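Student: I'd like to go through this one piece by piece, with the cut-offs spelled out as we go. Can we start as soon as it's on screen?

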Amino acid sequence: MINAVGQAQSVLVLGGGSEIAGAILRALPAARLQRVVLAGRRSSVMEERAAELRGRGIADVETVDFDARDTASHGAIIDAAFDAGDIDIVLLAFGVLGDQEALESDPAAAVDLVTANYVGAVSVGLHVARRLRQQGHGRLVVLSSVAGDRARRANYIYGSSKAGLDAFAQGLGDALAGSGASVLVVRPGFVRTTMTQGMSEAPFATDADAVAAIVVAALAKGRETVYAPAVLRPVMAAIKALPRGVFRRLPG
Amino acid sequence: MLTGWGRTSPTAATLCAVHDEADVVDAVGAATPERGILARGLGRSYGDSAQDAGGIVLDMTTMSGFTRDGSTLRAQAGASLDDVLRAIVPEGYFVPVTPGTRFVTVGGATAADIHGKNHHVEGSFGAHVRRMRVVTGTGEVVECAPGSDAFAATVGGMGLTGVITEAQVDLLPIATSRMRVDTERHADLDALMAAMTQGDHQYRYSVAWVDSLSPAGRGVLTRGDHASLADLPAGTDDPLAYDPRPRLGAPPWMPSGALNRASTRAFNEAWFRRAPRERRGEITSIPAFFHPLDGVRHWNRVYGPRGFLQYQFVVPDDASALVGLALQRLREAGAPSFLTVLKRFGPGHDAPLSFPMQGWTLAADIPARIPALRDVLDALDGEVIAAGGRHYLAKDSRMSAQTLSAGYPQLARWRAMRDALDPRGVFASDQARRLGLTLGSAP
Ligand SMILES: Cc1cc2nc3c(=O)[nH]c(=O)nc-3n(C[C@H](O)[C@H](O)[C@H](O)COP(=O)(O)OP(=O)(O)OC[C@H]3O[C@@H](n4cnc5c(N)ncnc54)[C@H](O)[C@@H]3O)c2cc1C
Ligand SMILES: NC(=O)c1ccc[n+]([C@@H]2O[C@H](COP(=O)([O-])OP(=O)(O)OC[C@H]3O[C@@H](n4cnc5c(N)ncnc54)[C@H](OP(=O)(O)O)[C@@H]3O)[C@@H](O)[C@H]2O)c1
């Protein structure tokens with residue numbers, strides 16, 4: 001249970017190795033945190049994250065095999081996580097950015113990306129929602145992206161998957177109204193993490209810890225949508241209002 | 001969505017109104033251990049005690065009948081003290097214990113083993129309950145009395161041993177519906193506490209309000225008893241008249257708008273100044289003396305959407321320094337509190353989860369939104385525990401499982417009694433999940 005001052009007891013991370021999720025785990029008030037489940041594809045990053053959490057004194061840290069594209073496995077994975085005890089916060093943090101040019105010439109690879117980012121999120125998101133509804137409480141944090149606000153020439157395949165994810169997450173939040181559970185949609189801009197390593201920074205670039213601070217504050221306030229950094233809300237509103245002809249000629 | 005009085009941590013449950021004991025038996029019989037079942041009274045506990053996320057919450061307020069036979073009240077568990085007082089005060093009786101609000105049920109008062117301003121003389125609510133009927137986890141109706149395990153575990157048991165359906169409670173005969181009150185202002189905490197130590201035993205009722213923002217810890221002590229006929233002015237037509245009608249608007253002393261340090265400071269200043277330096281024998285009404293906040297509807301909303309909590313602990317007499325320390329810590333954290341109450345408890349009850357014990361209890365309302373609060377309160381918990389004290393479950397919305405078990409040395413004994421009453425493990429609450437209260441319990 002999340003107590004009156006926002007101290008959660010249990011967290012499930014989907015995309016257990018995500019750098020942003022790792023930062024959120026560090027930023028959450030942790031005095032009552034006793035259980036963290038990291039679900040993702042086996043990797044040294046995820047194992048290191050688990051070791052770090054154990055080192056912080058969290059009693060029950062578990063890593064679980066989870067591939068977003070393997071939707072048939074999602075029900076059992078989510079049930080196992082919730083059967084072992086209530087989960088207060090679920091971070092839906094997996095995602096692949098991909099290389100736009102390569103994806104354009106390899107439709108199968110593009111399908112694989114959107115399958116992970118969007119199809120996988122729909123599947124696991126619905127399983128999580130089912131269990132949150134049953135337990136009558138809990139927060140689902142969905143890492144969407146400003147790329148979904150308006151798909152750009154430079155990354156529209158990724159952007160379209162985030163647009164789908166974002167629409168899904170908002171609708172899910174509405175569907176969960178009154179269930180005790182709720183959804184927080186997070187729209188980061190350019191975040192300096194492994195995902196963006198080697199890329200030239202976009203305006204308003206930020207880092208994982210700054211995003212995490214915004215997410216934790218938004219959770220405390222019970223917000224439903226948040227941009228990181230906050231300035232991207234008006235910026236994206238303006239960008240969405242641009243005529244196609246102008247938008248298409250923007251750099252990047 | 002349900003919350004406690006503090007409006008923090010809302011969760012959803014299936015709310016189910018019950019009209020008689022048979023309804024309760026059916027509901028408990030049909031309940032499963034997955035999300036469980038819990039009784040709820042008027043939801044005046046501050047935190048998550050009367051919530052059961054995803055489970056079934058029985059609304060007991062639809063079981064609210066009661067009768068009086070001499071000085072014995074026989075009430076269904078959902079009867080409110082408000083309704084009871086309206087009926088019995090004009091007949092010359094009073095409830096044995098009343099909290100700071102009359103909007104609590106007999107079931108909630110028993111399950112939390114509540115205390116009032118008379119604890120130092122007359123003990124907690126459970127000490128005045130003679131018998132009760134409880135629907136246990138197997139769906140059986142148990143009639144129990146003091147001395148039995150079922151009774152001891154249910155008094156203070158926060159709904160986790162069964163559903164109380166009916167209770168028989170001893171009443172206090174009164175000659176008038178007025179209170180005779182002595183008020184003293186004290187410029188600092190030491191003087192206030194000294195006055196309480198020296199004089200409380202001369203009064204049936206005693207409580208002090210403390211200015212949470214005053215570094216000296218100044219406060220106002222009010223003590224009194226039910227007025228006798230001789231105390232009333234000659235010509236009083238109805239010595240037992242009782243009219244608790246709520247005032248319509250917020251009274252002028254209520255901080256208006258969002259509560260912050262400035263409005264709290266202004267309120268505390270006015271509240272302190274409003275009290276006479278010393279006044280003896282003032283005649284006042286029962287609502288004015290016991291339930292001043294009940295005149296203001298929804299006063300719990302002044303703390304804003306994120307709600308508030310009440311931090312309440314008790315420490316033994318030899319750790320009275322904790323009172324000043326706690327006030328200091330809360331002041332440093334920038335927690336504006338207009339309701340900070342200090343009281344001396346008498347000896348505790350033998351119920352293993354009953355809160356009161358001989359010593360000092362301090363209760364402070366605090367907005368939940370203050371970020372520094374988390375760590376300040378966690379640290380304070382540690383000091384309270386180190387001093388041999390504990391925290392009140394009916395007010396708790398944030399403590400840790402460790403704080404709970406360190407404060408209640410009889411927790412294991414209670415768990416064993418609880419398991420016997422609920423072998424299927426169907427009773428559950430958000431608070432129980434958060435604190436692992438029923439941990440180790442079947443299944
Ligand atoms: C303004 C204010 C002042 C207060 N002052 C005091 C005070 O001076 N002293 C004090 O001790 N407390 C005080 N309280 C707290 C209050 O007295 C307790 O929380 C009390 O339990 C509330 O009763 P309720 O009927 O609202 O119960 P709820 O809050 O609905 O429930 C409280 C607990 O009792 C259980 N319960 C309720 N009914 C039953 C039943 N029929 N069978 C089994 N379990 C049941 C619930 O499961 C829950 O665990 C105050 C609260 C407020 C809001
Ligand atoms: N970084 C940014 O600029 C930025 C901006 C906006 C939004 N976001 C979003 O924020 C989220 C977290 O990103 P991040 O910056 O923390 O990047 P990250 O460290 O690369 O995290 C992404 C995680 O997703 C996992 N993942 C990828 N495909 C998966 C699959 N099929 N099944 C299970 N897990 C899979 C990755 O695991 P593997 O190691 O197995 O690949 C990795 O742990 C992503 O959804 C991302 O789209 C990031």
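Student: What do the buried residues of H12(B) pack against?

Tutor: They pack against helix H5 (149–154) and helix H11 (401–407) of chain B, where helices (H or I, at least four residues) and strands (E, at least two) are DSSP runs numbered from the N terminus. This is a predicted model, in which local features need pLDDT of at least 70 and side-chain atom pairs count only at pLDDT 80 or more, while totals for chains, interfaces and linings use all residues. Side-chain values use heavy atoms, with hydrogens and water left out, residues are numbered from 1 along each chain as its sequence is written, and chains are lettered from A and ligands numbered from 1 in the order in which they are written.

Student: And which residues of H12(B) are buried?

Tutor: In helix H12 (residues 411–421) of chain B, they are Leu411(B), Trp414(B), Met417(B), Arg418(B), Asp419(B) and Leu421(B). Buried means under 20% relative accessible area, exposed over 50%, and partly exposed in between, with a 1.4 Å probe and protein chains only.

Student: Switching to sheets, what's the strand order in the open sheet of eight strands in chain B?

Tutor: The order is S14-S11-S13-S12-S16-S17-S15-S18, with antiparallel pairing; two strands pair if DSSP finds at least two bridges between them. Strand S14 (278–285) and strand S18 (390–391) of chain B stand at the edges with a single partner strand each, so one side of each has no neighbour in the sheet.

Student: How many bridges join S11 and S14 of chain B?

Tutor: Strand S11 (residues 178–186) of chain B pairs with S14(B) over six bridges, in the antiparallel sense, and Arg180(B) stands opposite Ile283(B) in S14(B).

Student: Which helices pack on that sheet?

Tutor: Helix H9 (residues 321–332) of chain B does, touching strand S12 (205–210), strand S15 (308–315), strand S16 (340–345) and strand S17 (359–367) of chain B, and its direction makes about 10° with that of S17(B). Helix H10 (residues 373–386) of chain B also packs on the sheet, where it touches S15, S17 and S18 of chain B, and its direction makes about 15° with that of S15(B). Contact here means heavy atoms within 4.5 Å, and axes are lines fitted to C-alpha atoms, for helices over the stretch in contact, with angles running from 0 to 180 degrees between N-to-C directions.

Student: How are H9(B) and H10(B) set against each other, then, roughly parallel or antiparallel?

Tutor: Their axes come within 11 Å and cross at roughly 175°, which makes H9(B) roughly antiparallel to H10(B); angles under 35 degrees count as roughly parallel, over 145 as roughly antiparallel, 65 to 115 as roughly perpendicular and the rest as oblique. Leu322(B), Leu325(B), Ala326(B), Arg329(B) and Leu330(B) in H9(B) meet Val376(B), Leu377(B), Leu380(B), Glu383(B) and Val384(B) in H10(B). By class, this contact has eight nonpolar, no polar and two charged residues, counting Ala, Val, Leu, Ile, Met, Phe, Trp, Tyr, Cys and Pro as nonpolar, Asp, Glu, Lys and Arg as charged, and the others, Gly among them, as polar.

Student: Where does Thr264(B) lie?

Tutor: Thr264(B) lies in helix H7 (residues 261–274) of chain B and is buried, at a relative accessible area of 0%. With residues up to four places away in sequence again left out, Thr264(B) touches Leu213(B), Leu259(B), Pro336(B), Ser337(B) and Phe338(B).

Student: What about the sheet of five strands in chain B, what's the order there?

Tutor: That open sheet runs S4-S5-S9-S7-S8 with antiparallel pairing, and its twist averages 10° from one strand to the next. Strand S7 (residues 129–135) of chain B and S8(B) pair over four bridges, and the bridge partner of Met132(B) in S8(B) is Cys144(B).
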